[in-house]
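Open the model in your viewer and keep the selection tool ready. The tour goes from one selection to the next and says what is there.

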Amino acid sequence: MAARLNPLDLYDVRSLLSDEERMVQDSVARFTDEKVLPIIGDCFDQGRFPTELIPGIAGLGLLGATIPEQYGGAGMSSVCYGLICQELERGDSGLRSFASVQSSLCMYPIFAYGSEEQKQRYLPKMAAGQIIGCFGLTEPHGGSDPANMKTVAKRDGDDWVLNGAKMWITNGNLAHIAIVWAQTDDGIRGFIVPTDTKGFTAQEVHKKMSLRASVTSALFLDDVRLPGDAILPNVKGLKGPLGCLTQARYGITWGPIGAAQACLKEALDYTAERVLFGRSVNSNQAVQLKLADMARRITTAQLLSLQLGRLKDAGLMQPTQVSLAKWNNVRMAIDIARECRDVLGGAGITTEHAAIRHALNLESVITYEGTETVHKLVVGRELTGINAF
Ligand code: TGC
Ligand code: FAD
């Protein structure tokens, strides 16, 4: 008889990974199993980001994983970075968010657009988790259209003076530095803003029903005065922040695979144990159809992200391909998390089980880094050549 397939990896996508990629996946998976899963339900209940996990995350090289070793990074491939996101998000989207923001939205712009002095000064400490960053692009009047930015940076002698507000900023109240995007006479530019600078305030967003184990903040910049060398010198225009988003969105295509796997595993275990009408719940056709559909969608997402990662490592990945995968994979995961919640019945409504936590978290994931609609329209623009935004 043929060996049984792994229900969370029906096509043995793991066999397509290199030894190094498998090793990275295993070490992050262990971290999630041993350090994250025992506490994360309580963190979500309490609305608390587990800062005590930061040294462990940094110790495994998960912050700036793809940044070269000369700047303190781990010099890993994009596929390794994707697997890191997948295994962290199997624990909770909040942890993957923390790593995405630090790595793709803060370390990446310093690495890609910063001066040598900025790279030396910030990147090693960020990789070690000693300096935490946040990324301020979205503004209160509308995040989907960042070109309509109101935050301004004006020259005053050698200094820059920043005024404006940013909204929904992950890590805002944890951060030592903020990468802030602002309009200048020369178009949109990026600035490294130490969060203890006079005039800078971060205010945590409360009453969240999603990403409760993550810090989300509003940022206010009121005559924030920065030295001339706080600007990221090597990029101008919207392509600066959008280039960072491409990195982060790539990782986000992998993360929700982990969330969906966690939910499917929980549903498989629960429906095997629970007996109704004289038989286990998983022996009903209606339930098996749901479980089979989840496995189908997870498999498709795994293959999509792996090929995207291979394209990225070959220097061939296009932003439209990232949009398609972010749309597909987050939609896959939120549908699965909701369906698993249903299959758990009443038990599914508490955070004793993971499904509702993942489903609620994915409400943010489907909105941030470009809403699902934005990504569909990016694909539509590619197909038709018509900008429908
Ligand atoms: P468009 O005219 O298309 O482009 C302007 C310039 O940017 C270039 N570009 C890109 N570069 C790199 N990567 C991409 N994905 C790029 N997309 C565009 C483009 O080539 C052009 O360059 P140039 O040299 O010609 O000037 O700009 P648009 O205004 O038409 O863009 C439209 C749209 C809707 C796609 C864009 O504005 C968009 O993506 N909106 C969504 C905004 C968004 O995703 N915000 C996310 C904020 S950060 C966040 O949510 C973090 S959550 C993190 C967590 O907790 O995990
Ligand atoms: P809007 O842009 O106002 O959109 C409202 C609705 O209109 C959406 O459904 C959208 O799809 C739709 N819409 C917009 N344009 C069109 C169109 N042309 N056609 C059809 N429909 C359209 N931002 C950061 O900069 N840094 C962060 O660290 C960060 N972290 C976040 C963390 C969380 C938990 C959340 C929820 C958000 C975070 N964001 C962050 C912001 C996020 O990127 C924005 O919420 C997102 O880009 C959408 O912007 P908005 O909320 O202003 O919605």
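Which residues have the most contacts inside the largest nonpolar core? Select Leu264, Ile298, Met332, Ile336, Cys340 and Leu362: these have the most contacts inside this core, which has 32 residues. A nonpolar core is a set of buried Ala, Val, Leu, Ile, Met, Phe, Trp, Tyr and Cys residues joined through side-chain atoms within 4.5 Å. Buried means under 20% relative accessible area, exposed over 50%, and partly exposed in between, with a 1.4 Å probe and protein chains only.

This is a predicted model, in which local features need pLDDT of at least 70 and side-chain atom pairs count only at pLDDT 80 or more, while totals for chains, interfaces and linings use all residues. Residues are numbered from 1 along each chain as its sequence is written, chains are lettered from A and ligands numbered from 1 in the order in which they are written, and side-chain values use heavy atoms, with hydrogens and water left out.

Now colour α6 (239–273), α7 (285–313), α8 (319–343) and α9 (355–365), the elements that give two or more residues to this core. Helices (H or I, at least four residues) and strands (E, at least two) are DSSP runs, numbered from the N terminus. Go to Cys340, which touches Cys263, Leu264, Ala267, Met294 and Ala355, not counting residues up to four places away in sequence. Contact here means heavy atoms within 4.5 Å. A second, separate core has 26 residues, including Cys106, Met126, Ile188 and Leu245.

Next come the aromatic rings. Rings of Phe, Tyr and Trp (its six-membered ring) pair if their centres lie within 6.5 Å; planes under 30 degrees apart count as stacked, over 60 as edge-to-face and the rest as tilted. The count comes to 7 aromatic pairs. Select Tyr71 and Phe111, an edge-to-face pair with 6.0 Å centre to centre and 65° between the planes. Tyr71 is in the loop between α2 (54–59) and α3 (78–91), and Phe111 is in helix α4 (residues 93–113), 40 residues apart. Tyr71 is buried at 5% relative accessible area, whereas Phe111 is partly exposed at 26%.

Move to Tyr108 and Tyr113: their ring centres are 6.0 Å apart and their planes at 80°, so this pair is edge-to-face.

Return to Phe111 and show Lys119, whose charged end sits over the ring, 5.3 Å from its centre. A charge sits over a ring if NZ of Lys or CZ of Arg is within 6 Å of the ring centre and within 35 degrees of the ring normal.

Now select ligand 2. It is surrounded by 18 residues, and the closest are Thr138, Gly143, Ser144, Trp168 and Thr371; a residue is near a molecule if one of its heavy atoms lies within 4 Å of it. A polar side-chain atom of Thr138 lies 2.7 Å from a nitrogen atom of ligand 2. A backbone N or O atom of Gly143 is 2.6 Å from an oxygen atom of ligand 2.

The last stop is His375, in helix α10 (residues 372–384). Is His375 buried or exposed? His375 is buried, with a relative accessible area of 0%. Leaving aside neighbours within four places in sequence, His375 is in contact with Arg249, Ser323, Lys326, Trp327, Glu369 and Gly370.

Conventions
Polar contact = N/O pair within 3.5 Å; in protein donor to acceptor, adjacent residues only side chain to side chain.
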